[in-house]
Structures are given as C-alpha cells and as structure tokens.
Amino acid sequence: MVFSSIPFLYYFLPAVLCLYFLVPWKGKNAVLLLASLFFYGWGEPKLLLLMVFTIALFYVCGLAIGRAEQKRWKKFWLMVSVVTGLALLGLFKYADFFIGSINAAAGLHLPLLKLALPVGISFYTFQCLSYTIDVYRGNVPPQKNAVSFGAYVALFPQLIAGPIVRYVDVARELENRSHSWEDFGAGLRRFLVGLGKKVILADNFALLIKLFRESGEASVLFYWMYAIAFTLNIYFDFSGYSDMAIGLGRVFGFHFMENFNYPYLSRSVTEFWRRWHISLGSWFRDYVYIPLGGSRVSRGRWVCNILTVWMLTGLWHGAAWNFVLWGLLFAVLLMTEKWIPALQKLPDILRRGYVLLTVVLSFVLFNAESLGQAAGDFAGLFGFGGLPAVTAETLYYLKSYAAVFLLGFVGATPVGKAAAERIARTKAGAVLEPLMMVGLLLICTAYLVDGSFSPFLYFRF
C-alpha cells in the first residue's frame, strides 16, 4: 500500500484516524503499531516477519544495554544489534551485488540468492541502529514498552521512505503527545501538498522519462529534457513523500524533522547536502563521520573519512556500482570545495549554475541501470555519435510538457509556498485555503483513478 493510492486515501487512512482518536490514550500506540504492521504487510506479508524480528531484536538489545552494569557488556549488546542489523540489510540488499561483482572479477559462476528486497529496509534499519547507539551513549533511556518501541520502528507515516526518524527525537512524544485541531489541519495540508507533488508533478515527469527510454528518435535536446525531468522527478517524488510523512506525523501528534529545504537553490555542493535528504546526511554525520574522527584528524585521514562516508551513502541508495561512483563523485566535489576556497567567491549566479549542472549530471549517473547506460546517456547529452541536436518528436514532447516543466521549476523554489501563505493571511484565506486543498485532493484522485501512477523511487532503498 502506498500513500498515493485510492485504498490508502479513502479506506485505510480514514479507518485508522477514526480508530486512533476513538481509543483512550493508552491504546493509541497499539493502534499505530497494528495499523503500521497491516500497512506494511499489505504489500509484503512474507517479509512482515523480518520487520517483527528486527523490532524484537533491537528492543531486547536496547533493554540489555540499559541494564548492563559493565561497559564491556553494554558494548557486547550494542555489537549484537549493529552486526545483526547490518547483516540482515546486507543479506537482503547487497548479497547479490557482491556475489555478482566477485563473479565478474574472478570469472566465477556463484549462484545469486535472488532475495526480495524488503521495502524501506534501509530506513527502518538505520532508525533501529540509531536507537541502540543512542542508548549505549546514554543519550536516551531504553524503551521498556514493547508496543511503543514497535510503533516507533513500524510507524507507517514514514516507514518506507523516511525521513529517518531517530528515537531520541520522538521518545517524549511516544509517551506523551498532544493533539489539537490546529495540528490536525496543518498536518492534513502538508500531506495534501506532498500528495500533489507526487501525483501531479513526480508522476508526470516519470511518464516523460519512460517515453524517453522507449523513444527510437533520441536527440541531444531530448537527453537534456530527460536529465532535467529526472532531477525534478526525484525531488518531487522524495520531498513529496517526506511532506506526506511529516504531515501525517503531525496529525498523530509527532513532529518529524524536515527532510528537504529547496536544495536546488544551493550555491555549493556542501550547501546542497545540507538541504537534500537532511535526515540521511545528519545520520551519517553523527553515526559514521564524527566517530571516524570527522575533520579533526590529519588531512590523509580526513580524506579517508570523506571517501568512506560518501561511498556508504552511495551504497545506501542502491546495490550497484553507479551508486558507489555517484557517492564518490560527491566526495570529490566536497573535498574540492574545501581545498579551493576561491570557489565560494564566485558570483552567486555562477555558483548556483555550477551546483545545478553538477546535480543534473550526477542524477544521470544515479538513474542509469548500468555503467554502460550511464556512458551512453552522457554521450547523448554532449552530442557524441552523430546524434541530432533536435527532432520533431523532441519538439512535440517539449511542447506537451512545457507547463509541467514550468510548474516543476516554480515548485522547486519557495515561490508557491510564499504565495499560499500570503493567501492564508488574507480575509478570504479562511475560505480559499480549504477550497484549494479540496481541489488538490480531487485533482490527485482523478489522476489516480485514471491510472497515472508510478511507485515511489525511494521504495528500493
């Protein structure tokens, strides 16, 4: 089940909301846990056991860390949780990648495991790891209530595509959170904005990407349209999901961290990664980069730290070499910005242009199904192989998608949000804003009924 679907919008969510607000406080986390397990099991009933096992594992390890009196036993239980959690992630997500790489390098024919990838395993594994690490560090006491801990791990609003919510950030709200009509209304508005991003923008860009891949008349312009379309597609897909997750969290009394802050307005790659997938960047900073020594080490060690973190960041996104190279590309760019301070003195327009071009090209590598396809895409972008600059088919698609591109460009800036806030502050805002939200829901519903749908990109992570 996904947020952008008729069953979720008109059956599952209304039923959960009614049940959640009808039961007394002591039963609310139980409702969230059962609803979340049902939500996850709807599409992956067999892999539901893996999630239940993960919840049980980290719950027990957290209690053991909290009760252990000697540091060596605390460390033992921490290692049990970390090693087991990473082993499960490695088994389901990376085993075939490593087997295939060994086969290619050594000329072997080891059989692939071909295990199904559990949706959202990267997200809930990282959440669980942050929990036991923070308990070990003494940042938060262990959760003694199994239902509350299960609700934290399986919480359906952000279960399958983030943001990565740390236990320390929601520990208080798991035990004592408030609800109000103001939060309920604000949460629903945020949810509907995210739904619009996904259904109206991301899915339309996904359709253009599909048309490009199926086209037999490629051109340089079409390659650039594809590259820009994917750059906008992944932003509206992922930030749309984050908006929906944050909105639903607020409806249920949780306040999740922001995950995107208009990253395409960045003036450096460093700034881009402070604005893009903020929860992932901060997770790697606090649980990998800083424990490795961060920047308070020798230059050689610092380079190793940066390369390690960004290789892992690339691998987190997918089990393929293009993701590894994508991560290492950003490592090189970040180090270059650090070593050449003069780059920060360039005019803003040049800095923003450099970041946008870098990001667009990086996402071409990111979205390639193989390194060979990535090479072909880059060749097409720069007109190698006698590719025509433009064709009649390209102009047709450019004209057809001009309005979608324009909406995408505007939507990637704060312009739309500022306009909506301005309307809300007017006397007519009390009437116009609800009407706009209802209209947005109806438009999204029409798209979904029509079948204009593509799955969330980050389901594979």
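In these exercises, Ala, Val, Leu, Ile, Met, Phe, Trp, Tyr, Cys and Pro count as nonpolar, Asp, Glu, Lys and Arg as charged, and the others, Gly among them, as polar. Keep in mind that you are looking at a predicted model.

**Exercise 1. The largest pocket**

Task: Find which residues lie nearest the centre of the largest pocket, and work out how its lining divides by class.

Solution: 
- Start with the volume, which is about 1300 Å³ for the largest pocket.
- Next, look at the lining: 38 residues take part, and Val193, Lys197, Gly416, Lys417 and Ala420 lie nearest the centre.
- Two or more lining residues come from each of α8 (181-214), α9 (220-251), α17 (402-411), α18 (415-424) and α19 (429-450).
- Helix α8 has the largest share, with nine residues.
- Sorted by class, the lining of the largest pocket holds 20 nonpolar, nine polar and nine charged residues.

**Exercise 2. The second largest pocket**

Task: Find which element gives the most to the lining of the second largest pocket.

Solution: 
- The second largest pocket has a volume of about 670 Å³.
- It is lined by 19 residues, and Thr270, Arg274, Tyr289, Trp310 and Leu334 are the closest to its centre.
- At least two lining residues each come from α10 (269-275), α11 (278-289), α12 (299-317) and α13 (321-339).
- Among the elements, α11 gives the most, namely seven residues.
- The classes in this lining are 10 nonpolar, five polar and four charged.

**Exercise 3. Enclosed spaces**

Task: How many cavities of 30 Å³ or more does the structure hold, and what lines the largest cavity?

Solution: 
- Rolling a probe the size of a water molecule over the atoms shows where empty space is left.
- Two cavities of 30 Å³ or more are found in the structure.
- The largest cavity has about 40 Å³ of space.
- Around the largest cavity stand Tyr152, Leu155, Gln158, Val165, Val170, Leu174, Phe254 and Phe256.
- Seven of these lining residues are nonpolar, one is polar and none is charged.
- The second largest cavity has about 30 Å³ of space, and its lining is made of Ile164, Val165, Arg166, Asp169, Val170, Phe256 and Met257.
- Here the classes are five nonpolar, no polar and two charged.

**Exercise 4. Salt bridges across the chain**

Task: Which residues form salt bridges with Arg190, and which parts of the chain do these pairs link?

Solution: 
- The structure holds 15 salt bridges.
- In one of them, Arg190 pairs with Asp243, with 2.9 Å between the closest N and O atoms.
- This pair links distant parts of the chain, since Arg190 is in helix α8 and Asp243 in helix α9, 53 residues apart.
- Arg190 is partly exposed at 24% relative accessible area, whereas Asp243 is buried at 7%.
- Glu258 also meets Arg190 in a salt bridge, at 2.6 Å from N to O.
- Glu258 lies in the loop between α9 and α10, 68 residues from Arg190 in helix α8.

**Exercise 5. A salt-bridge network**

Task: Which residues are linked in a network with Asp348 and Arg267?

Solution: 
- Asp348 and Arg267 form a salt bridge, the closest N and O atoms being 3.5 Å apart.
- Asp348 is in helix α14 (residues 348-367) and Arg267 in the loop between α9 and α10, so the pair ties together parts 81 residues apart in sequence.
- Asp348 is partly exposed, at 34%, and Arg267 is partly exposed, at 31%.
- The network of salt bridges links Arg267, Glu271, Arg275, Asp348 and Arg351.

Terms used. Residues numbered from 1 in each chain as written. Predicted model: local features only at pLDDT ≥ 70, side-chain atom pairs only at ≥ 80, totals over all residues. Heavy atoms only, no water. 1 Å grid on protein atoms, 1.4 Å probe; cavity = no way out; pocket = protein on both sides within 12 Å on 5 of 7 lines; lining within 4 Å. Points joined across faces, edges and corners; volume = space filled by probe spheres on them. Helix = DSSP H or I, 4+ residues; strand = E, 2+ residues; numbered from the N terminus. Salt bridge = Lys/Arg side-chain N within 4 Å of Asp/Glu carboxyl O. Buried < 20%, exposed > 50% of the residue type's maximum accessible area, 1.4 Å probe, protein only.
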